[in-house]
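User: Hi! Could you walk me through this model before I set anything up with it?
Analyst: Happy to, let's look at it together.

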Amino acid sequence: AGNVEFCKIMTEDGTDFTRSIGSACVRYSNAAEAKAAMATLAETELQGRRMLVDHWSSGGHGGKSGFSGMKGMTEMKGFGKGKMEVHGDPSLIVYVGNLKYEVQWQELKDHMRQAGNVEFC
């Protein structure tokens with residue numbers, strides 16, 4: 001689908017040290033690549049589970065799984081005590097859900113590579 005600029009598995013407190021909440025965000029370099037990734041990777045399997053791959057929701061209504069958008073930044077909150085900020089245009093960010101809690105960033109990066117070159121994960 002294109003170049004992945006950023007890939008992050010979300011955790012209970014927003015750090016890299018706590019349990020996954022079973023979802024992730026992936027940022028592409030342009031909206032066309034993000035759309036291509038959604039078309040290519042929706043319903044594909046990772047560790048035996050079909051992944052949800054969809055538009056990243058942001059704005060006043062909270063979006064997917066408690067995410068809310070701000071100008072130039074999307075913030076995950078409502079899980080544990082921390083938060084995770086994802087910088088960039090929400091139209092470039094893809095939501096990935098239904099991940100096993102055990103999925104590591106490297107596995108997700110390798111899976112997302114099926115749709116294009118991964119620059120950073």
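User: What does the accessible surface of the protein come to?
Analyst: The accessible surface is about 6,200 Å², and 49% of that belongs to carbon and sulfur atoms. Areas here follow the Shrake-Rupley method with a 1.4 Å probe, and for residues only the protein chains shown count as cover. This is a predicted model, where local features need pLDDT of at least 70, side-chain atom pairs count only at pLDDT 80 or more, and totals for chains, interfaces and linings use all residues. Residues are numbered from 1 along each chain as its sequence is written, and side-chain values use heavy atoms, with hydrogens and water left out.

User: Thanks! How much of the protein counts as buried?
Analyst: Of its 121 residues, 43% do. Buried means under 20% relative accessible area, exposed means over 50%, and partly exposed is in between, with a 1.4 Å probe and protein chains only.

User: And what secondary structure does it have?
Analyst: There are two helices and nine strands, in the order β-β-α-β-β-β-β-β-β-β-α from the N terminus on. Those are DSSP runs numbered from the N terminus: helices are H or I with at least four residues, strands are E with at least two.

User: Which residues have the most contacts inside the largest nonpolar core?
Analyst: Those are Y28, M51, V96, L99, L108 and M112, in a core of 20 residues. Two or more residues each come from β1 (4-11), β2 (20-28), α1 (31-41), β9 (93-97) and α2 (105-112), and α1 gives the most, with four. A nonpolar core is a set of buried Ala, Val, Leu, Ile, Met, Phe, Trp, Tyr and Cys residues joined through side-chain atoms within 4.5 Å.

User: What about a second core? Which residues does that include?
Analyst: It is separate and has six residues, including F6, M10, W56 and I93. I93 is found in strand β9 and is buried, at 2% relative accessible area. Its C-alpha atom is 8.9 Å from that of S57, 36 residues apart along the chain.

User: Back to M51: what is it in contact with?
Analyst: Leaving aside neighbours within four places in sequence, M51 touches, among others, L41, L46, V96, L99, L108 and M112. Contact means heavy atoms within 4.5 Å. Across the protein, among contacts between residues at least 6 apart in sequence, 61% join residues at least 24 apart.

User: Where does R19 lie?
Analyst: R19 lies over the face of Y101, at 3.9 Å from the ring centre. The rule there is NZ of Lys or CZ of Arg within 6 Å of the ring centre and within 35 degrees of the ring normal.

User: Last one: which backbone angle stands out at Q47?
Analyst: Phi, which is positive at about 55° although Q47 is not a glycine. Most residues other than glycine have a negative phi. Q47 lies in the loop between β3 (45-46) and β4 (49-50) and is partly exposed, at 30%. N98 also has a positive phi, near 65°; N98 lies in the loop between β9 and α2 and is partly exposed, at 31%.
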